[in-house]
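Dear colleague,

I am passing on a structure that you have not seen before, with the sequence and the model placed just below. Please look through both, and then read the notes that follow.

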Amino acid sequence: MWPNSSFNSFLLTGFPGLEAAHHWISIPFFLIYISVISGNGILLFLIKEDHNLHEPMYYFLAMLAATDLAVTLTTMPSVLGVLWLDHREVGNVACFSQSYFIHSLSFVESGVLLAMAYDRFIAICNPLRYTSILTDTQVVKIGFGVMMRGFVSVVPPILPLYFFPYCHSHILSHAFCLHQDVIKLACADTTFNRLYPVVLVVLIFVLDSVIILISYVLILKSVLRITSREEKAKTLSTCVSHICCVLVFYITVIGLSLIHRFGKQVPHIVHLIMSYVYFLFPPLMNPVIYSAKTKQIQSGILYLFTTHRVGA
C-alpha cells in the first residue's frame, strides 16, 4: 500500500503568488471566454441558417467552431472557479474526465484542420469533381472519422489514471486538469503514460501538419499553372483563412511543446501563460480570421444584424 494514496480529489492552481489579484486577472479571462463563445456561436448559427453556406468548406468550419466551443466550455468552469471563488478542489473522476476531453478535442481540432486542407486541395486541384467527391455523406464520414480518432486515441493513457495510487502530492500546476500534470503525482509505473502521448503527438500533430504542408505545396503548383494573375489571386484568397488558422494552432502547439521540453529554467508563470495561450488563442482568433477574410461570412453577419435591427 502506498502512503497517502487515498486522495479522492486534487487541488487546482491559479497564478501562484498572485492570489490577491485573481479577481482582477479573471476579468480578461471572462471577456475572452465571452468572445470565444459568442464568436464561434455566431459562426455556427450563420452556417446553420444561411443556405449559401451549406457547402463542404463551411461544414468543416462549423466543425472547427464546435470544437473550439467545446474546448472553451471544458476549461472555463474550473478556471473561473479558481479565479473568482478560489474553488480549487476537483474530484478525481471530474479531473480525469476534463483531462480526457481537453486532450481529445486538441486532436479533433488538428483533424478538422487537416480535413479543411483536403477540402481546399480538392476544390483547387480537382474542381470539376469537387461536388462529386465531397458529398454531404462524405463530409459526415470525414467528420465522424476525425472525432473517433481524437476521442478513441486518448482513452489508453487516460483510463489508467482512474486506477493509479497518488502519493506524491495532490496539487496540480494549472487551473484545469492535464494528463502530464496528473501523471507526475502517481505512485506507479507510468512508463506507458509517458511514452504513449509522445507517440500520439507525432502520429497526429506532426503527421497532420506534414500532410497539410504537402497539400499546400500541391495547391501552389496547381495555382502556378493558372495564366491569369487575377485568377491566381482569387484562387489563393480562398486558402488564406485556413492557412492563418493552421498557423495560429500549430505555432501555439510548437510554442507550448518547446516550453515544456526545454523550459525547465523558465519561470512557472511563463508555462502557465503558454498553456492559456494554447487553449484560448486559437478559439478566439478562428472566428475573427474567417469573419475578416471570408466575404460570405461577412455578408452573413451583416445580414444577421441588419435583419434583427429591422425586425426590432
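Helices α8 and α9 are roughly antiparallel to each other, where angles under 35 degrees count as roughly parallel, over 145 as roughly antiparallel, 65 to 115 as roughly perpendicular and the rest as oblique. Their packing angle is about 155°, and their axes lie 11 Å apart; the axes are lines fitted to C-alpha atoms, for helices over the stretch in contact, and the angles run from 0 to 180 degrees between N-to-C directions. Helix α9 covers residues 229-262 and helix α8 covers residues 191-224, with helices (H or I, at least four residues) and strands (E, at least two) taken as DSSP runs and numbered from the N terminus. The crossing of α8 and α9 is left-handed, a term used if the near helix is turned anticlockwise from the far one by less than a right angle, with right-handed used if clockwise. Among the residues that make the contact are V198, F205 and I212 of α8 together with L236, H242 and F249 of α9, contact meaning heavy atoms within 4.5 Å.

Before going further, please note that this is a predicted model, in which local features need pLDDT of at least 70 and side-chain atom pairs count only at pLDDT 80 or more, while totals for chains, interfaces and linings use all residues. Residues are numbered from 1 along each chain as its sequence is written, and side-chain values use heavy atoms, with hydrogens and water left out.

Not counting residues up to four places away in sequence, Y276 touches F15, F29, V79, A175, F176 and F281.

N193, in helix α8, counts as buried because its relative accessibility is 3%, with buried meaning under 20% relative accessible area, exposed over 50% and partly exposed in between (1.4 Å probe, protein chains only). The side chains of N193 and H179 are joined by a polar contact of 3.0 Å; a polar contact is a pair of N or O atoms within 3.5 Å, where within protein one must be able to donate a hydrogen and the other to accept it, and residues adjacent in sequence count only if both atoms are side-chain atoms. Leaving aside neighbours within four places in sequence, N193 is in contact with residues including P157, F164 and I183.

S153 belongs to helix α5 (residues 136-153) and is buried, with a relative accessible area of 12%. Its side chain reaches the backbone oxygen of G150 at 3.3 Å. M147 is placed in helix α5 as well, but at 44% relative accessibility M147 counts as partly exposed.

In helix α7 (residues 179-183), D181 counts as buried at 7% relative accessibility, and it touches L172, S173 and H174 when residues up to four places away in sequence are not counted.

H260 lies in helix α9 and is partly exposed, with a relative accessible area of 34%. H260 and S275 are 15 residues apart in sequence and 9.8 Å apart in space, C-alpha to C-alpha.

Finally, D86 sits in the loop between α2 (56-85) and β2 (89-91) and counts as exposed at 51% relative accessibility. Most residues other than glycine have a negative phi, whereas D86, which is not a glycine, has a positive phi of about 55°.
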